[in-house]
Every structure is written in structure tokens, then in C-alpha cells.
Amino acid sequence: MNYTLHQLQIFLEVVKQLSITKAAEEMHMTQPALSIQLRNFQNQFEIPLYEVIGKKIHITEFGASIATIVENILI
């Protein structure tokens, strides 16, 4: 795995906000820049971390377990 601390922070913010746009605003990033980093983080895993249904983001069970691990790393 080859992910950055910034990607971990981005993923946690997306989990918290359940919105790429709101997460980008909170992190003072553009939405496309955040989306690229989120996609790069997702590409580290074979199992989806989240699903986009309509315009809503749904964190998968696997994504929630990764978010818990990431929280423990960042605390």
C-alpha cells in the first residue's frame, strides 16, 4: 500500500461529511483535487470504501472499518 497522510485525512473528512463537496470545502481544496486524492486512496484497496448512489455517498462496511483504523492512526 502506498497512501499519504493527506489521503487518510481526506477519507476521514468524506466519511464525516458524507459529501465530497463539503469535505473539499472543509479541507480548503477544490472538489476535483479532493476527488483525485480520494480515488487514489480507493485504488489501494480491492474492496470499495464507498458507493455513490445518485448524488449521495454511502460508506461501505469495509470503508467504515478502514475509517476506524484511520482514526486510530491519526489520533
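Residue N40 has its place in helix α3. The model described here is a predicted one. With a relative accessibility of 31%, N40 counts as partly exposed. N40 lies 38 residues from N2 in sequence, whereas the C-alpha atoms of these two residues are 9.3 Å apart in space.

The two strands are considered next. Strand β1, residues 50-53, pairs with strand β2, residues 56-59, in the antiparallel sense, and the pairing involves 4 bridges.

A pair of aromatic rings is described by two quantities, the distance of the centres and the angle of the planes. The structure holds 4 aromatic pairs. In one of them, the ring centres of F41 and F45 are 5.3 Å apart and the ring planes stand at 75 degrees; the pair is therefore edge-to-face. F41 and F45 are both buried. F45 also forms an aromatic pair with F62, which is edge-to-face, with 5.7 Å from centre to centre and 75 degrees between the planes. Because F45 lies in the loop between α3 (31-42) and β1, while F62 lies in helix α4 (residues 61-74), this pair ties together parts that are 17 residues apart in sequence. The two partners can also be described by their accessibility: F45 counts as buried, since its relative accessibility is 14% and the limit is 20%, whereas F62, with a relative accessible area of 26%, is partly exposed. Together with Y3 and F11, the residues F41, F45 and F62 form one aromatic cluster.

The nonpolar interior was examined in turn. In soluble globular proteins, nonpolar side chains tend to be buried together. In this model, the largest nonpolar core has 19 residues, of which F11, V14, L34, L38, F41, L49 and I66 touch the most other members. Two or more residues of this core are given by each of the elements α1 (5-17), α2 (20-26), α3 and α4. The largest share, 5 residues, comes from α1. The surroundings of L49 illustrate contacts made across the sequence: when neighbours within four places in sequence are left aside, L49 is in contact with F11, F41, Q42, I59, T60, F62, G63 and I66.

Helix α4 was then considered as a whole. It comprises 14 residues and reaches 20 Å from its first C-alpha to its last, close to the 20 Å expected at 1.5 Å a residue. The buried residues of α4 are G63, I66, A67 and V70. Viewed down the axis of α4, these buried residues fall within an arc of 105 degrees, and they therefore line one face of the helix. An α-helix has 3.6 residues a turn, so residues three or four places apart point the same way. On the other side of α4, E61 and N72 are exposed. The buried residues of α4 pack against α1, α3 and β2.

Notes:
Residues numbered from 1 in each chain as written. Predicted model: local features only at pLDDT ≥ 70, side-chain atom pairs only at ≥ 80, totals over all residues. Heavy atoms only, no water. Pairing = 2+ DSSP bridges. Phe/Tyr/Trp six-rings, centres within 6.5 Å; stacked < 30°, edge-to-face > 60°. Buried < 20%, exposed > 50% of the residue type's maximum accessible area, 1.4 Å probe, protein only. Core = buried A, V, L, I, M, F, W, Y, C linked by side-chain atoms within 4.5 Å. Contact = heavy atoms within 4.5 Å. Expected span 1.5 Å × (residues − 1). Arc of directions from axis to C-beta.
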